[in-house]
Each structure stands twice: as C-alpha cells, then as structure tokens.
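I opened the model to look up a few things about its strands and its core. My notes follow.

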Amino acid sequence: MQATAYTYDPETRSGSVLLDDGTPVEFGAEAFAAGGLRLLRPGQRVRIETAGEGAGRRITLVTLQTF
C-alpha cells in the first residue's frame with residue numbers, strides 16, 4: 001500500500017503517514033526500523049504494510065516507494 005509521510009520524529013523514530021484517501025495512520029519505531037530507513041521527510045511517498053482492520057490497524061513496515 002502507498003502513502004505519504006506526514007510526520008516523523010527522529011528522536012523516537014516514529015511518526016505518521018497519510019493514506020491516499022487522507023486518513024492519517026501512525027507508525028512506531030519498530031515499523032520504521034523494519035524498513036531499514038535512516039530518515040523520513042514529510043511529503044515523501046512511502047510503501048507501508050499493515051496488520052489488523054479498522055481501529056486496530058497498525059503499520060508494520062515503512063519504506064521508500066520505488067518504481
């Protein structure tokens with residue numbers, strides 16, 4: 001699934017993305033670490049993987065979108 005980076009805190013290595021429908025979804029340091037990234041800037045397109053449904057949905061991986 002694709003999204004746009006919305007916030008990122010380099011101290012906690014967590015942040016949030018906006019799904020293409022505008023829905024914000026937060027991610028934790030473990031999802032950021034799983035993608036192998038060192039930095040994330042707001043506005044970057046990212047690829048995410050999620051687990052769960054509805055209010056229980058969580059991001060398990062954040063990585064840069066590549067073509």
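Which residue in β4 is the bridge partner of Gln 2? I looked it up: the partner is Arg 47. I noted that the model is predicted.

**Entry 1: strands β1 and β4.** I then checked the pairing around that bridge. Strand β1 covers residues 2-9 and strand β4 covers residues 45-51. Three bridges join them, and the two run antiparallel.

**Entry 2: the whole sheet.** I traced the strand order next. The sheet is open and has five strands, in the order β3-β2-β1-β4-β5. The pairing is antiparallel. β3 and β5 are the edge strands; each has a single partner, so one side of each lacks a neighbour in the sheet. I read an average twist of 40° from one strand to the next.

**Entry 3: the β2-β3 hairpin.** Strand β2, residues 14-19, is joined to β3 by four bridges, and the two run antiparallel. Val 17 has Val 25 as its bridge partner in β3. Four residues lie between the two strands of this hairpin. In the turn, Gly 22 has a positive phi of about 90°.

**Entry 4: the core.** I listed the largest nonpolar core, which has 15 residues. Val 17, Phe 27, Leu 40, Val 46, Ile 48, Ile 59 and Val 62 touch the most other members. β1, β2, β3, α1 (29-34), β4 and β5 each supply at least two residues. β1 gives the most, with three.

**Entry 5: Val 46.** I picked Val 46 from that list and looked up its contacts, leaving aside neighbours within four places in sequence. Val 46 is in contact with Val 17, Leu 40 and Val 62, among others. Its contacts also include Met 1, Gln 2, Ala 3, Thr 4 and Ala 5. Thr 63, Leu 64 and Gln 65 are among them too.

**Entry 6: Thr 63.** Is Thr 63 buried or exposed? Its relative accessible area is 17%, so I count Thr 63 as buried, the cut-off being under 20%. Thr 63 sits in strand β5, residues 58-64. Not counting residues up to four places away in sequence, Thr 63 touches Gly 35, Leu 37, Val 46 and Arg 47.

Methods
Residues are numbered from 1 along each chain as its sequence is written. This is a predicted model: local features need pLDDT of at least 70, side-chain atom pairs count only at pLDDT 80 or more; totals for chains, interfaces and linings use all residues. Side-chain values use heavy atoms; hydrogens and water are left out. Two strands pair if DSSP finds at least two bridges between them. Buried means under 20% relative accessible area, exposed over 50%, partly exposed in between (1.4 Å probe, protein chains only). Contact means heavy atoms within 4.5 Å. Axes are lines fitted to C-alpha atoms, for helices over the stretch in contact, and angles run from 0 to 180 degrees between N-to-C directions. A nonpolar core is a set of buried Ala, Val, Leu, Ile, Met, Phe, Trp, Tyr and Cys residues joined through side-chain atoms within 4.5 Å.
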